Amino acid sequence: MNESTYMELGRQISDRLRSSQLTYFVAVSAITAVIVFGRGDDVNLLLTISAIGIGLFGMLSFDAAQQSYILLNKSMPESVAGTPIGEATKNPAQFQFYRVTNAIFTAAIVVLHVITIYK
């Protein structure tokens with residue numbers, strides 16, 4: 001793969017991740033506001049389903065972006081691989097760490113939402 005294609009694919013992955021993160025943060029903020037300020041017993045099931053759905057969206061969209069970065073770095077051109085940033089991103093373990101950390105924190109947010117709904 002040539003350098004310009006590699007850079008363009010990296011930009012596309014970053015754009016996709018940024019838009020997914022924005023969507024997730026807005027959705028989490030909205031459901032948190034509804035749980036805190038507008039809760040009623042007749043909508044608890046809907047709020048629970050929404051919290052779980054938003055959490056899954058957050059986990060899966062972030063995980064997909066990290067998987068894309070791992071695959072992209074397997075095709076890293078030699079001109080980039082020899083640079084300090086190329087060396088730093090060759091190891092997929094750092095991406096796995098981000099994936100696991102995201103899953104843990106996103107799941108914790110979902111659990112806190114569900115606990116708050118039924119409290």
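**Exercise 1. Determine the handedness of the crossing of H1 and H5, and describe the packing of the two helices.**

Solution. The crossing of H1 and H5 is left-handed; this term applies if the near helix is turned anticlockwise from the far one by less than a right angle, and right-handed if clockwise. This is a predicted model, in which local features need pLDDT of at least 70 and side-chain atom pairs count only at pLDDT 80 or more, while totals for chains, interfaces and linings use all residues. Residues are numbered from 1 along each chain as its sequence is written, and side-chain values use heavy atoms, with hydrogens and water left out.

Step 1: identify the elements. H1 covers residues 3–37 and H5 covers residues 93–117. Helices (H or I, at least four residues) are DSSP runs, numbered from the N terminus.

Step 2: take the geometry. Two packed helices are described by the angle between their axes and the distance between the axes. For H1 and H5 the angle is about 20° and the axes are 10 Å apart. Axes are lines fitted to C-alpha atoms, for helices over the stretch in contact, and angles run from 0 to 180 degrees between N-to-C directions.

Step 3: classify the angle. H1 is therefore roughly parallel to H5. Angles under 35 degrees count as roughly parallel, over 145 as roughly antiparallel, 65 to 115 as roughly perpendicular and the rest as oblique.

Step 4: list the contact residues. H1 contributes Tyr24, Val28, Ile31, Thr32 and Ile35, and H5 contributes Thr106, Ile109, His113, Thr116 and Ile117. Contact means heavy atoms within 4.5 Å.

Step 5: sort them by class. The contact of H1 with H5 has 6 nonpolar, 4 polar and no charged residues. Ala, Val, Leu, Ile, Met, Phe, Trp, Tyr, Cys and Pro count as nonpolar, Asp, Glu, Lys and Arg as charged, and the others, Gly among them, as polar.

**Exercise 2. Describe how H2 packs against H1 and against H5.**

Solution. Step 1: H1 and H2. Their axes come within 10 Å and cross at roughly 165°. H1 and H2 are therefore roughly antiparallel to each other, and their crossing is left-handed. The contact of H1 with H2 has 18 nonpolar, 12 polar and 1 charged residues.

Step 1: H2 and H5. These pack at an angle of about 175°, with their axes 9 Å apart. H2 and H5 are therefore roughly antiparallel to each other. Their contact divides into 14 nonpolar, 11 polar and 2 charged residues.

**Exercise 3. Check the span of H1 and of H5, then list the buried residues of H1 and of H5.**

Solution. Step 1: the spans. The expected span of a helix is 1.5 Å times one less than its number of residues. H1, with 35 residues, reaches 51 Å from its first C-alpha to its last, close to the expected 51 Å. The 25 residues of H5 should span 36 Å, and its end C-alpha atoms are 36 Å apart, which agrees.

Step 1: the buried residues (under 20% relative accessible area; exposed is over 50%, partly exposed in between; 1.4 Å probe, protein chains only). In H1 they are Tyr6, Gly10, Ile13, Leu17, Ser20, Tyr24, Val28, Ile31 and Ile35. In H5 they are Phe95, Arg99, Asn102, Thr106, Val110, His113 and Ile117. An α-helix has 3.6 residues a turn, so residues three or four places apart point the same way.

Step 2: their partners. The buried residues of H1 pack against H2, helix H3 (78–81) and H5. Those of H5 pack against H1, helix H2 (44–74) and helix H4 (84–89).
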